[in-house]
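Here is a short briefing on one protein chain. Start with the structure, then read the notes by topic.

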Amino acid sequence: MAISQVKNLQRRLGILEQEAVEELNRACGHELWQSLGFDAFDSLEDADRRARANYYYGQLQVVRELKDALA
């Protein structure tokens with residue numbers, strides 16, 4: 001993979017990571033999930049918010065794994 005392709009992919013992964021973090025903050029209503037991890041979502045009473053948090057947490061994990069693999 002060319003250097004320009006790697007840099008472009010890293011930039012796009014950064015955007016996806018930022019989006020996931022913002023959506024997780026919105027779904028949880030706070031940033032405590034960053035220190036508590038996946039357990040923070042279990043306390044959400046609203047099923048839609050819990051589902052959205054689980055989706056974006058999964059997205060965040062995939063993005064971070066891909067970023068680690070590219071590093």
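Helix H4 buries Ala53, Tyr56, Tyr57, Gln59, Leu60 and Val63. Buried means under 20% relative accessible area, exposed over 50%, and partly exposed in between (1.4 Å probe, protein chains only). This is a predicted model, where local features need pLDDT of at least 70, side-chain atom pairs count only at pLDDT 80 or more, and totals for chains, interfaces and linings use all residues. Residues are numbered from 1 along each chain as its sequence is written, and side-chain values use heavy atoms, with hydrogens and water left out.

**Helix H4**
- The buried residues of H4 pack against H1, helix H2 (33–36) and helix H3 (39–42).
- H4 covers residues 47–70, and its 24 residues reach 35 Å from first C-alpha to last.
- That is close to the 34 Å expected at 1.5 Å a residue, taken as 1.5 Å times one less than the number of residues.

**Glu17**
- Glu17 sits in helix H1 (residues 3–28).
- Glu17 counts as buried because its relative accessibility is 16%.
- Leaving out residues up to four places away in sequence, Glu17 touches Leu60, Val63, Arg64 and Lys67; contact means heavy atoms within 4.5 Å.

**Whole chain**
- The protein chain has four helices and zero strands. Helices (H or I, at least four residues) and strands (E, at least two) are DSSP runs, numbered from the N terminus.
- Of its 71 residues, 28% count as buried.
- The C-alpha trace of the protein chain spans about 45 × 15 × 15 Å along its principal axes.
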